[in-house]
Amino acid sequence: MRLSPRLVPGWPKLAWVATFTKGAGTIEVLHGPMVETAEDWCVEAVWAGEFAAGDFDRTDLVFGTGVRCRGDQVVFVSPGHVFDRLWYCLHAGSWYVSNSLAALLACSKIRLLAGYPYYARDIQTIANGLEDYVRSIPTESTSVSIAYYENVVYDGKKMREYPKPALTPPFREFSDYQRFLFETAESIAANYSSPARKHKIVPLASISSGYDSPACAIIARHAGCRMTVSFRQSTSLWRGSDSGESIARHLKMACKTYDTTAKMYPNEEAIWAAEGRAGVVNYTQFDFPEPLCLFFTGWHGDSMWGVDEQRAARPFVRSSTGPLGLCEFRLFRGFFHCVVPFWGIGRADELKALSLSAEMKPWRIRPGHDRPIPRRIIEEAGVPREVFGRRKKNTSHDAPFLWPYSPGAKERFAQYLSTHGVSPPPAPLVTVMRALARVGQSFSDNVLRTLGVHCGLGRGVAPKARSMIFPWANSELEAIYEEALKQVVGKMPAHSHTPPDEPMSPRKRLKPRCVPAWPKLAWVATFAEGSGTIEVLHGPMVETAEDWCAEAVWAGEFAAGDFDRTDLVFGTGIRRRGDRVIFVSSGTLFDRLCYCCHSGYWYVSNSLPALLAVANLDLRPDYPGYTADVQTVTRGLGGYARPIPTQSTDVNVLYFNNLEYSGQGLNEVDKADVAPHFTTFKQYRDFLIDTAKRLGANLRSPARAHGVVPLASISSGYDSTASSFIARYAGCNQTVTITQATSLWRGSDSGEPIARHLGMGCKGYPRTAKEFPDEAAVWAAEGRPGILNWAQYEYPGPVCLFFTGWHGEKVWDRVDHDHPDPFVRRDTGSLGFCEFRLLRGAIQCVVPFWGFRRSAELKAITLSQEMDLWKTFLDYDKPIARRILEDAGVPRGAFAVRKKNTSHEAAFLWPYSPESQASFRCYLRSRGARALSPFAVSFIRCLANFEILLQMNVLGKLGLKRRVRPWRKARSQSLLFQWANAELKERYAASLRSAGITA
């Protein structure tokens, strides 16, 4: 491996991005003007060791980040604390690693999701420690991984995280620890003052009236530091000044003091970009020495030097994220954050024992705020006992109202909100809201908390804007990085790298392998990056050929396998075309593909739990947003959340479009648009009938290994009835219907009379039942039971092609109720069918999706004079569907008299079948959540059903939209998705084990 550094003069002083393709021998490093470079390393760091040797990868006493080549490996080094990090991702065949998220985004051309509300919360999970933080965040294209404290190593094939070396000596008594601190400070001083450095570094320390930072300032003196900075005021109302100026005088160190708050802050976007909160924005006022600064702080002293024994067991766990907000800002201002309490953190248990030892008893004097180790350091340095550590104080700038402070930043944030469909409050209202939030927080911190009441007043202010401040701030920094890049490179050279000794486009081949006990239609494809072989594990009814695998029916010849060249495809599949492999999704929004890159391998599947089983991944039980994320598909192809977080990496979902693999990463590609243009009703009807006939020929093809039998759903409305008539041309003569409507007085929704008019058989089913077969598969799709009653249907044949009328309200409705984008919907429709159908061997064929990208033309036909005879001019009016049915001989009064609903949507989310309920209770208990008794479940379900009927049939008609649903706040309501997918994952994994296949 070799490094190829390249200066970007307009970048922040200490920023860098490394980029390379798999197998490449050259790592290109774009960097700011103060990054140190050598033949085998690039670094923006200070460490305890000789600078010229460049061994910053062989110590945990490193502050800053860097890149180190060691033979055939490259080590990307993170800081020796958790207030800074590395970012890395694989995108479009190239790896990107950086000490700045915004820089990585600018170089990789990927974007954060403006509508993803959990960025700040995900990042702040680092307070849970190294074992429990969220290790990746989603973007529009892929997930970006985060590495705290551990190093990231690339060996030419895979990227892995490794622990830092632990070289700290044991601490048996105070003198051992004190000697270690002072010797480390002296070693750091020799490093930053090395004549081999190109850029001068000046030390600076923060100081306050407490314990931690004064002790650290004393240690910093041994590193040559003589200057300190301090805040005058404390956030607490009656705890006085927190200035460390008097302590600095005792230590014979200079001290410059600053106000805790200001009206504006330089480079404040860089603070917001770190974690979406303002905690250390007041640090932007400090005058950091030029050109570079080594900044000593005492953060984490509460964990390392306090007397709480529980913290010793998990030394990386914190009550807050501390100064994490400095990690982007410091790159601009040119300083290295040296967090002294992290020195020797691997010996936290010994330090805790030392704090509680008899030796330290003279310095244990203040219960509740007692830190004997720093007290002894400070007192032995000559600082009187009464001068410091008297009361715990706070100078952070954290506030419940998250909004920029500087006028320019306020204006740009308001523009960002407007661009993304959020109306920003006027400037005067922002001032009032901030003042109210500050009063509420002050009252909460200084009064309620003292009384033992923990209530974050003001946290609900502007919730939508709160969640968008992180992506806004990163977009601001991203623009800075991109503008500087334009002055240096025309396009990223990393994309021109060719892996050595590998052909650019090796011919791909499929290697299918049946797993007999898997659901009939499930499949998972897996392959290493750059590999020519795609292994496909599949269920027993998946069709396989030399160049393709498919569980689908499409409008084309079956034997040709051209399902990748049409949007009239229902089901999913894999198609090899020379040096490319296309993973084909269904031509609807009610099915999807899932894919991810994990441990150097790609996984693609038509089932999330199957992918989890094969990739050995687990969903996060602490993540409450799965259902909300999945349901964003209602926003259309440009607005849905693509990543599904797991405990290791993100799994991406893809609707409607296809994925293409050509040897380097997966790329999303548009489906072919094969529908003709429509100017008359006859043209559209002929297209529907011709499509049905072609689908019929495909499903009856003698080349199929498994028979496919058609079935249609039917109701008393427009959409499914018109779709059933069209299905007749595919050879369908059997229908199913739900007999009752959800609405109280709208009567039966059975389509049986219409089926008789059409000469089709019909079997009716009740809307509700006491239990449903395979119901976990319905919950696993989106965490709600919308089409659970479909689990009762008897699906014919080895495989069934199931015609439905979902999406008719988008393409056939006369009244413009919805967004003009044909992909945008009011609800997720029959998405809940996508996992269940694989078990039962059903392929959903959604008739209104045929040619639906011509929705503007269909709307013009609907509104034309040609269709006046079939218009009712009521709110429930679909002339195209009505004309199809009336031309088929169905009397006008026999259908679509009133709009009805048969979905199984419920206000209280809980499984129905006794076996599923018992399994869900066990899952809840294993996650520490409350598991309700069967009686409690029945009682709450009755209340919830009454509430939903009251809202739909009475309150909603009166214009009263407010809903009271206290049961929806229960943690169990957000765990159904995880439980159901864990259930199915175990089924898939057990089948793999019984087949002797190792995941």
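1. S100 sits in the loop that joins β9 (94-98) to α1 (101-108). Helices (H or I, at least four residues) and strands (E, at least two) are DSSP runs, numbered from the N terminus. The model is a predicted one, in which local features need pLDDT of at least 70 and side-chain atom pairs count only at pLDDT 80 or more, while totals for chains, interfaces and linings use all residues. Residues are numbered from 1 along each chain as its sequence is written, and side-chain values use heavy atoms, with hydrogens and water left out.

2. S100 counts as buried because its relative accessibility is 0%; buried means under 20% relative accessible area, exposed over 50%, and partly exposed in between (1.4 Å probe, protein chains only).

3. A polar atom of the S100 side chain lies 3.4 Å from the backbone nitrogen of A102. Leaving aside residues up to four places away in sequence, S100 touches W87, E328, L331 and Y481, where contact means heavy atoms within 4.5 Å.

4. Helix α6 (residues 268-275) and helix α9 (residues 326-333) have axes that come within 6 Å and cross at roughly 145°. From α6, the contact is made by A270, I271, A273 and A274; from α9, by L326, C327, E328, F329 and F332. These residues divide into 8 nonpolar, no polar and 1 charged. Axes are lines fitted to C-alpha atoms, for helices over the stretch in contact, and angles run from 0 to 180 degrees between N-to-C directions. Ala, Val, Leu, Ile, Met, Phe, Trp, Tyr, Cys and Pro count as nonpolar, Asp, Glu, Lys and Arg as charged, and the others, Gly among them, as polar.

5. L943 belongs to helix α26 (residues 934-955). With 40% relative accessibility, L943 counts as partly exposed. Its C-alpha atom is separated by 8.7 Å from that of F908, 35 residues apart along the chain.

Conventions:
A polar contact is a pair of N or O atoms within 3.5 Å; within protein, one must be able to donate a hydrogen and the other to accept it, and residues adjacent in sequence count only if both atoms are side-chain atoms.
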